[in-house]
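Please look over the sequence and the structure shown below. The text after them is a guided reading for someone who has not seen this structure before.

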Amino acid sequence: MIKNIFKPFNNNLNSLLPIRFNNVSLKLGNNYFFNQLSFKINTNGMTAFIGPNGAGKSSCIKLLAGLIQPNSGEVIFSTNKKIINMIGYVPQKIILLRRSVERNLLHALTISGYPTNEKKRRIKEILEFAKLTYLAKQSARNLSVGQQQLVSIMRALIIRPSFLFLDEPCANLDLKSIRIIEVLLKLASKSGVKIIIVTHDLFQAKRLSDEILFFYNGKITEQSETKDFFKRPESKQAKDFQNGLLLNG
Amino acid sequence: MIELTEIFKNSFNLIFTLNLDLIEIILLSLKVSCFSLFFSCIFGLPFGAFLAVSKFYGRGFLILFFNSMMGLPPVFIGLVLYIILSASGPLGSLELLYTPVAMIIAQFCLITPIIVSLTRQVLEQITEEYDELLKSLHANTKEKILTILWDSRYSLITCILTGLGRSLSEVGAIIIVGGNIAHATRVMTTAIALETSKGNLEIAVALGFVLICISFLVNLLVSLLKDFAQRFSYD
Amino acid sequence: MDKIRSINILKIILINVFLIFFQLIPTKNSFAKKNFIIIQSTTSTRDTGFYEYILPKYNHIDDTEIRVVAVGTGQAIKNAMKCDADILLVHDKKTEELFVKEGFGLYRKDLMYNDYVLIGPKGDQLKFKEIKNIQEALKKIYDDKIKFISRGDDSGTNKKEIILWKNLGLKVNSQKNSWYWETGSGMGSSLNIAVNKNAIILVDRASWISFNNKRNHTIFVEGDNDLYNYYGIIPINPTKCPKSKIGQSEKFINWLLSDKGQELINSFKNNGQQLFFGNATN
């Protein structure tokens with residue numbers, strides 16, 4: 001029952017196509033930040049983007065979510081336009097509408113075209129699961145940061161996306177909130193949602209992800225399974241990073 | 001100075017005897033102003049939001065256009081409309097000249113730029129704030145407009161009240177297209193102009209006071225409603 | 001939840017009440033197509049209250065609404081030429097006859113008359129004690145450079161004034177003669193200015209009687225033969241203006257010209273004085 005809460009609408013899409021970057025180039029200012037970047041991510045399990053500040057993790061995930069367009073190259077999910085509704089995005093800075101928690105969730109459902117007669121039930125379901133029902137009518141902006149972030153993630157998951165992209169969801173949160181969110185993400189992943197999470201927290205990456213992409217200076221210097229990454233990092237930057245050295249992006 | 005107090009005394013007398021003609025004039029003022037404001041908002045609020053939200057080729061020009069139109073001389077609009085609606089003009093067959101409908105059209109032309117420009121201004125901040133969110137939800141333009149309009153509804157009330165104030169005080173355009181005809185197109189402002197030109201200063205001042213009182217009452221009513229609604233809302 | 005719902009319902013009810021209420025207002029102001037004819041007339045005629053007096057009396061006979069647009073004579077005539085009128089009622093016989101001659105009006109009939117008076121501040125009245133007629137008065141004003149207000153708006157009153165100057169062979173304009181002011185406004189506004197600036201002004205008696213801001217001004221010259229002011233009534237020619245409602249217009253005109261109409265005109269008084277004298281020839 002609980003597993004079905006996050007089950008994507010189009011379950012089979014995931015198993016079909018990996019996410020692909022094909023020679024993607026992105027300009028920031030006058031210089032090319034990403035230059036002919038190519039990689040492939042499998043659609044099973046959770047992936048973490050890690051790396052120092054300014055390495056390109058956020059930009060990469062924004063490209064994936066369709067928020068920014070590459071100057072050249074392609075970001076390939078599928079040739080199906082329907083995929084757009086199947087992406088949930090949680091931004092780094094929490095943006096909630098000046099409405100109640102309930103209305104915020106309703107707004108996301110309406111825009112993504114969720115069937116009208118099921119909206120109310122869906123909101124109730126999600127709120128009950130996250131144990132936030134008592135906050136339903138509260139102004140979303142008056143919640144604590146942890147609660148707000150939870151609502152933000154709920155808003156992304158409520159439309160039953162096939163993909164969930166999160167940009168540093170647990171920055172500035174207390175341990176309790178982080179724990180709740182991680183449980184949630186694990187559950188969503190088990191339900192079949194492909195999750196990519198950008199994180200600063202090495203330990204979180206270790207806890208959650210199955211695959212790690214290490215970003216440095218606009219390039220992906222390493223891509224491997226999590227356990228391999230931590231046991232035997234290949235690049236020097238990854239090694240330094242794991243040892244706690246502060247690197248320049 | 002003595003004359004002045006006489007005038008004010010007479011003014012209050014006139015108000016409190018509830019002259020039937022006065023009531024007719026007041027009601028017509030409210031009707032013409034409210035109808036024109038209504039139509040201005042129907043067009044102006046979404047369009048102002050559209051200008052705030054979308055980036056497109058002619059956007060800068062449109063913003064400049066509506067900003068300048070705020071300073072349009074009312075007599076000029078009255079004159080242009082008069083030429084158009086005249087029996088010998090292109091829309092003469094509509095027989096709108098010297099009717100309240102012509103006055104509503106004139107006021108619509110004058111208030112809409114105000115609504116559009118103020119709306120756009122008021123919504124600029126929230127648009128920037130919601131930009132990433134709405135983009136990530138892949139909202140289309142219509143959905144973006146509805147979202148920011150609804151979330152800013154209390155700030156927009158000030159824009160609407162500005163429009164109302166402007167429409168209640170309008171005289172130049174409507175006296176030309178309406179003709180200031182007794183019992184047909186005479187409103188408070190045009191009546192003030194008339195009584196002044198007839199030398200009936202007490203009546204003119206009385207009407208002026210009534211106009212101010214009504215404007216004050218409407219603003220009071222709206223701000224009370226707004227406070228009331230806001231208390232029960234989620235902001 | 002219920003509180004909010006009830007507030008929303010209240011809002012909807014208020015809005016509906018508003019809209020319905022506005023539509024129920026006296027039919028003259030409602031936006032349905034109204035049955036009316038338009039008279040282009042002058043501000044001085046309107047300001048006497050003449051129309052407020054006479055039009056309701058016509059309502060007993062016919063339910064056609066009569067809308068009076070009062071502007072300067074010049075503008076009234078131009079409006080009529082543009083077909084924004086069904087009837088023209090002004091007091092400038094020469095221009096009216098030209099109007100008919102050029103085909104804009106069907107015909108011109110005498111309706112009523114009154115006279116002009118020259119008014120000025122009581123303080124200056126002594127200067128005019130010896131003056132017997134309007135010509136002498138104007139000459140004195142010109143010679144002594146006494147402040148004089150002209151309508152300057154092509155109205156009937158204005159044209160009368162200009163003819164009087166012309167007959168004396170005196171050229172006046174506001175640029176060369178600093179004592180001669182042109183207001184470009186209606187009778188009431190011009191009177192306000194004259195009264196406030198202690199100046200002399202030519203005004204039709206009806207307007208003067210009805211004017212409520214006389215202050216220290218009084219009549220200097222009156223009764224002169226040259227000071228008669230004739231009002232004519234003209235229906236707009238349907239050939240030139242197909243949209244004009246000639247049937248309703250002529251009905252009203254004939255009523256005004258009838259014995260009953262003329263009697264009503266003569267019975268119109270303000271401050272106990274008769275303002276207009278019917279002179280229709282039947």
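The model is a predicted one. A first point of orientation is how the chains meet. Two pairs of chains are in contact, and of these, chains B and C share the most contacts. Chain A and chain C do not touch, and their nearest C-alpha atoms are 9 Å apart.

Take the contact between chains B and C. On one side are 23 residues of chain B, and on the other are 28 residues of chain C. In chain B, the elements that give two or more residues to this side are α2, α5 and α10 (201-231). Among these, α2(B) gives the most, with four residues. By class, the side of chain B that touches chain C has 13 nonpolar, seven polar and three charged residues.

Chain B also meets chain A. Here 14 residues of chain B are in contact with 17 residues of chain A. The elements of chain B that give two or more residues to this side are α5 (100-136) and α6 (141-151). The largest share comes from α5(B), which supplies six residues. The side of chain B that touches chain A divides into five nonpolar, three polar and six charged residues.

Next comes chain C itself. It holds eleven helices and twelve strands. Its C-alpha trace spans about 85 × 50 × 40 Å along its principal axes. Of its 282 residues, 40% count as buried. Among the contacts in chain C with a separation of 6 or more, 77% are between residues 24 or more positions apart.

How is chain C divided by its domain assignment? The assignment gives domain 1, made of residues 27-113 + 230-278, and domain 2, made of residues 114-227. The C-alpha centres of domain 1 of chain C and domain 2 of chain C lie 27 Å apart. The contact between them takes 19 residues from domain 1 of chain C and 16 residues from domain 2 of chain C. On the side of domain 1, α2 (43-47) and α4 (73-81) of chain C each supply at least two residues. Helix α2(C) gives the most to that side, with three residues. By class, the side of domain 1 of chain C that touches domain 2 of chain C has five nonpolar, twelve polar and two charged residues.

One helix of chain C can be looked at in detail. Helix α8, residues 187-196 of chain C, is mostly covered, with eight of its ten residues buried. The buried residues are M187(C), G188(C), S189(C), S190(C), L191(C), N192(C), A194(C) and V195(C). After α8(C) comes N198(C), whose phi is positive, near 50 degrees.

In chain A, the axes of helix α3 (residues 101-111) and helix α5 (residues 145-157) come within 9 Å and cross at roughly 30 degrees. Angles under 35 degrees count as roughly parallel, so α3(A) is roughly parallel to α5(A). The crossing of α3(A) with α5(A) is right-handed. From α3(A), the contact uses V101(A), N104(A), L105(A) and A108(A), and from α5(A) it uses V151(A), M154(A) and R155(A). By class, this contact has five nonpolar, one polar and one charged residues.

In chain B, the pair is helix α2 (residues 20-53) and helix α7 (residues 153-168), whose axes come within 9 Å and cross at roughly 140 degrees. That angle makes α2(B) oblique to α7(B). Helix α2(B) passes α7(B) in a right-handed crossing. On α2(B), the contact is made by S29(B), S33(B), S36(B), L37(B), S40(B), C41(B) and L45(B). On α7(B), it is made by L156(B), I160(B), G163(B), L164(B), S167(B) and L168(B). The contact of α2(B) with α7(B) has seven nonpolar, six polar and no charged residues.

Definitions and conventions
Residues numbered from 1 in each chain as written. Chains lettered and ligands numbered in written order. Predicted model: local features only at pLDDT ≥ 70, side-chain atom pairs only at ≥ 80, totals over all residues. Contact = placed C-beta atoms within 7 Å. Nonpolar A, V, L, I, M, F, W, Y, C, P; charged D, E, K, R; others polar. Buried ≥ 20, exposed ≤ 12 C-beta atoms within 10 Å, placed from the backbone. Domains from an automatic or database assignment. Axes fitted to C-alpha atoms, helices over the stretch in contact; angles between N-to-C directions. Parallel < 35°, antiparallel > 145°, perpendicular 65-115°, else oblique. Left-handed = near helix turned anticlockwise from the far one by under 90°.
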